[in-house]
Structure formats: structure tokens, C-alpha cells
Amino acid sequence: MGTASDIKLIDENGLRIDGRSPTELRPLKIETDVLDRADGSAYIEWGGNKILVAVYGPREAYPKHTQDIDKAVIKARYNMSAFSVDERKRPGPDRRSVEISKVISEALQAAVMVEQFPRAQIDVFIEVLQADAGTRIAGLTASSVALASAGIPMRDLVVGCAAGKVDGKIVLDLGKEEDNFGQADLPMGILARSGKIVLMQMDGDLTEDEFNQATELIMDATRRIYEIQREALAGKYRAMAIERGGE
Ligand code: ADP
């Protein structure tokens, strides 16, 4: 979070730097089954973010000491490609990607019926091709679609969404400038139907009142994002039906 006071992020009409209203999401689209070799996959474009997710499994967890005798372990690996940001990013894991992989793994663990696959692992590879703020929530949203497209039993889809504070106002889904120069960012992961929060992090400061406002914006947007996820999965089944019809 920067503090550049000379950068105006909300204009006199209450519109944001990219013309959005405070409650508007950036353009969002999701496609499933974009990779032939993976068991499930999804591609998401959310604002300027472009992220590919591949799912493999469930299969026997390896190394063996990572096995859980009661349930499957979800191993999400978040990776930013070298060309995903303005300055070439040094390839390989860093503290940030290890942290994001961990919080996404935990959020997905709550959505998948992991108890059906003791000793197994499910790999979720999240490749950020282009980053534009909010990659963890975009990656999480796409991961949940990729898992469902792999046919892995799930109790619910996880929706990722963030809200934050810019120029003293609470707004939904921060863009890059807002993330850089805003006062707070609150990314969340929510189980779509139950509303249970499975990921929550915060960068910057919010009062209790602001936090409640931000959460409300996120919960409202969750429904819209869930519809897009479901539409992406329905598209898959429509395409399968057409294929079968053409045989
Ligand atoms: P998130 O992408 O989930 O919002 P951060 O708040 O850590 O996570 O990052 C915000 C944005 O900052 C990223 O989406 C990306 O555009 C940019 N960013 C993150 N890491 C780097 C990096 N190593 N080099 C350049 N830009 C980065």
C-alpha cells in the first residue's frame, strides 16, 4: 500500500481510475478444459490478470510422509511467470508465492470432499501469465472451477474476491493503481453457497465499520462471480452434449 497523496484514485463523480463505480467488478471471464493433458483446467481473465490452472489427481500422495490417512491433501502451487509483471520477475518460488500457495491450498481443502480420498494428493498448478492485482483471488476462483471440471467431488465452489480502501472510500476489487496507492486491500475466499469464509488476509488498515462495509461488498459480488463460475462449468457440459450428439 503506497501513500502517494498526489495520485487521485476517485474523481469528483465518485468514479475510479478505470471508470468503475465503487461496487463494480473488473471484467471477468472463465473458460474450462483449456489443457488436454491435465485432469481438469481453467483459464481466467479478470481485469488485466491472466491465469491458467491445471489440476492433477487424486493420486497417491508422494512423498509418503505427506499422506493423511483420513483425507486427500490439496497441494496448490502458485507461480508467477517471469513475464507476468512489468520488470522481469526472477523465476522460481519466493516467500510471497509460498504464502499464496498455502492460503489457496487451505481454502480449497475446505471445498473439496477430501475425506473421500484418504492418502491421496490433488495438485493444483496456478500459473500467473499476467498479473494486475488480485492474482490470489483470481487464482483461487479459477482453481475451484478447474477442480470441478476435473470431476473431483466438491461440497461447494470457492469464490475469491477482494475489496479495499482508496482515497478514503471502500471499493470492490482493487485494480493495480488502487492496490499500489490505496490504503487497504482485503482479499477473501468464500464458499459460494454457505457463505463460509475460507481465506482472509489484509494489507493496510480498516476500521471495524470499514471492514464490515468491505465484507458486504465482497459477499454481494460473490454471487455474481459464482454465476460466472457456474456458467463456465455449464458451458463445458453443453459442449460435451454437442460432441456426443455429433457422434
Ligand atoms: P495479489 O496479486 O493477490 O493482489 P499482492 O497484493 O502481493 O497479491 O500483489 C499485488 C500485485 O502486485 C500483483 O497482482 C502484481 O501485479 C504485483 N506484483 C506482485 N509481485 C510482484 C513482483 N515480484 N514484481 C512485480 N510486480 C509484482
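Trainee: Which residues surround the ligand?

Mentor: A residue is near a molecule if one of its heavy atoms lies within 4 Å of it. Here the ligand is surrounded by Met-80, Val-85, Lys-89, Arg-96, Ala-131, Asp-132, Ala-133, Gly-134, Thr-135, Arg-136, Lys-176 and Asp-179. The model is predicted: local features need pLDDT of at least 70, side-chain atom pairs count only at pLDDT 80 or more, and totals for chains, interfaces and linings use all residues. Residues are numbered from 1 along each chain as its sequence is written, and side-chain values use heavy atoms, with hydrogens and water left out.

Trainee: How many residues of each class are in the shell around the ligand?

Mentor: Ala, Val, Leu, Ile, Met, Phe, Trp, Tyr, Cys and Pro count as nonpolar, Asp, Glu, Lys and Arg as charged, and the others, Gly among them, as polar. The shell has four nonpolar, two polar and six charged residues.

Trainee: What is the volume of the largest pocket?

Mentor: On a 1 Å grid over the protein atoms alone, a pocket is an open set of points with protein on both sides within 12 Å along at least five of seven lines; lining residues have an atom within 4 Å of a point. Its volume is the space filled by probe spheres set on the points, which are joined across faces, edges and corners. The largest pocket has a volume of about 460 Å³. Its lining comprises 22 residues, and Arg-96, Ala-133, Gly-134, Arg-136 and Asp-179 lie nearest its centre. By class, the lining divides into nine nonpolar, four polar and nine charged residues.

Trainee: Which residues line the largest cavity?

Mentor: A cavity is a set of grid points where a 1.4 Å probe fits but cannot get out. The search of the whole structure finds one cavity of 30 Å³ or more, and the largest cavity has a volume of about 30 Å³. Its lining consists of Arg-26, Ala-133, Gly-134, Ala-162, Asp-173, Leu-174, Asp-179 and Asp-185.
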